[in-house]
Amino acid sequence: MSSLRSDPRTSAALRGSGWTSNSPQAEQLLARLGPAERVDLLFTTLRFHGALTAERLLLWRGTFKIEHMELRRPLTALRDGSPSKFVGAVVLDGPEGAIELKPLSTAAIRALDEACRSAGGDTPSAPPRVARDNGDAAWTPGAHRPADGRTPSSPRAETGTGSRETAYRVRTIRTWQDAELAAVDHMLGLGFNDARITGAGADGGIDVIARDAVAQVKHYSQPIGVGPVRELRGVADAHQYLLFYASGGYTAAARQFADDRGVALFSLQESGHITVLNEAATRLSTRPAPAPASAWSRAAAWSGQAVNLRVSQRAAELEAQRQTVLRLIARVRAHTSELHALPSNRYTKDGIKALKAAHQLTDRAEVLLRKSQAEYQTHGGRKRLIALADEKAREAALKLGIRA
C-alpha cells in the first residue's frame with residue numbers, strides 16, 4: 001500500500017512537515033495527485049493540512065469529518081507572510097473567504113509567497129478593502145509598499161461602473177467585542193453612517209443596528225448553522241438590509257437560506273479582513289453611494305431608528321418569554337424522567353394518567369413554540385402562540401405537582 005513516505009511524489013517533502021504518512025489526509029492527497037504531479041511542500045497549521053504543487057494548493061480541515069478545498073496557482077494573498085521569531089502567517093483568498101494559515105515556518109512562508117507571485121510580476125496582491133484609521137499614518141501590517149519608498153494610496157475594493165469604493169478600518173479580532181466593533185466599522189464603510197452596537201442585554205438576534213440595516217455578529221470557531229440566520233431574518237422585518245458576520249464560516253444550509261432570503265453573509269478574520277461570501281453581500285458592497293441627507297430625511301431617519309429599536313426590543317421580549325417556556329418544559333421533562341425511573345409498583349392509575357397528560361401537553365407546547373418561529377408570523381401572532389405554549393406548559397407542570 002502506497003504512503004507519503006514510499007510514494008516518490010511526496011517522499012521528498014514529508015520530512016519535518018508534521019504530516020502522518022498513513023493519515024486520512026495522506027490517503028486523500030495521494031488519490032488526488034496526478035501521476036506526474038510532485039508535491040513541493042507539505043505543512044500543517046492550527047487548522048489545516050496543506051500540500052503545495054506546481055499547479056495548486058490542496059488544503060484539508062478537520063480531524064474526524066475532513067473537508068477539502070483546492071486553490072489554483074498563482075494564489076491570491078490578502079496579507080503578506082509575516083515571519084518572526086515566534087509565529088508566521090499567510091492569509092489567502094479562498095472559495096469561502098479569507099484563509100489564515102498559521103503558524104508557518106520561514107520556508108513554508110517563502111514557498112507560499114512564491115506561489116502568490118503572478119507570471120508577469122513579483123509582488124503579492126494588496127490586501128482588499130483596507131483603509132487608514134482616522135488620524136493614524138500607520139498602514140495595515142503586511143500591506144505592500146512600492147520599492148521606491150513612495151507612500152501608497154489607500155487600498156480599496158475594485159467595484160463596477162457607477163458603484164462605490166468600500167473602505168473600512170481594519171482591527172485585530174480577538175474577542176466577540178472586537179468582532180462587533182469590526183462589523184460597525186465595516187458597515188460605516190458601506191455607507192450606514194448611523195451604525196452602532198445595540199448594547200448589552202437581550203438583542204433579539206441583532207448586534208449592530210442602523211437606520212435601514214441590522215447585523216448579527218458571531219465570533220465562534222464553528223460554522224454558523226441556519227438557526228441564527230433564520231432568527232435574524234425573523235426579527236428584522238422592518239429593515240431593508242440584513243447582514244451577518246461570522247468568524248467560523250457558515251454551513252451549506254445557512255448559506256442556502258441566506259441566498260434565498262437576501263441576507264448578506266460576511267467572513268470575519270482574526271487579522272481584521274472582512275470578505276463577502278454571497279451575492280447579497282456583493283450587491284451591498286458595490287451599491288451606489290447614498291445621496292446627502294436633507295434635514296427632513298435626517299429627522300425621518302431618527303424616527304425610523306426609534307421604530308426599529310422598538311421592534312428589536314419587542315422581539316427581545318418575545319424571545320425572553322419563549323426561553324422561559326422552554327425552561328419550564330425542560331423541568332417537566334426532567335421530572336417525568338425521574339418518575340419513569342421509579343419501580344413499577346410505585347405507579348398508580350392516577351399517576352400514569354397524569355404522566356400521559358403532561359407528556360401530551362409539553363409536546364403541544366413545543367409545537368406552538370416552533371410555529372411561533374415561522375418566518376410568516378407577525379409580532380402579534382408570535383406573541384399569541386408563545387402565550388398558548390406557556391399555558392400548556394403550566395398545565396403540564398400542574399398535572400405533576402410542579403410549581404411553575
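## Basis of the model

This is a predicted model, in which local features need pLDDT of at least 70 and side-chain atom pairs count only at pLDDT 80 or more, while totals for chains, interfaces and linings use all residues. Residues are numbered from 1 along each chain as its sequence is written, and side-chain values use heavy atoms, with hydrogens and water left out.

## Overall make-up

The protein has 10 helices and 13 strands; these are DSSP runs numbered from the N terminus, with at least four residues for helices (H or I) and at least two for strands (E). Of the 404 residues, 44% are buried, meaning under 20% relative accessible area with a 1.4 Å probe and protein chains only. Among contacts (heavy atoms within 4.5 Å) between residues at least 6 apart in sequence, 54% join residues at least 24 apart.

## The largest nonpolar core

The largest nonpolar core holds 23 residues. Such a core is a set of buried Ala, Val, Leu, Ile, Met, Phe, Trp, Tyr and Cys residues joined through side-chain atoms within 4.5 Å. Met187, Phe192, Val208, Leu243, Tyr245, Phe266 and Leu268 have the most contacts inside this core. At least two core residues come from each of helix H4 (176-189), strands E10 (213-218), E11 (241-246) and E12 (264-268), and helix H7 (279-285). H4 gives the most, with 5 residues.

Leucine 243 touches Met187, Phe266 and Leu284, among others, not counting residues up to four places away in sequence.

## The four-stranded sheet

Strands E1-E2-E3-E4, in that order, form an open sheet with antiparallel pairing; two strands pair if DSSP finds at least two bridges between them. E1 and E4 (67-72) stand at the edges with a single partner strand each, so one side of each is left without a neighbour in the sheet. Neighbouring strands are turned by 15° against each other on average, direction ignored.

E1 (residues 39-44) and E2 (residues 48-53) are joined by 5 bridges and form a hairpin with 3 residues between them. Leucine 42 stands opposite alanine 51 in E2. E3 (residues 56-61) pairs with E4 over 6 bridges, and arginine 61 has glutamate 67 in E4 as its bridge partner.

Helix H2 (residues 24-32) lies across E1, E2, E3 and E4, running at about 150° to E3. Axes are lines fitted to C-alpha atoms, for helices over the stretch in contact, and angles run from 0 to 180 degrees between N-to-C directions.

Definitions and conventions
Buried means under 20% relative accessible area, exposed over 50%, partly exposed in between (1.4 Å probe, protein chains only).
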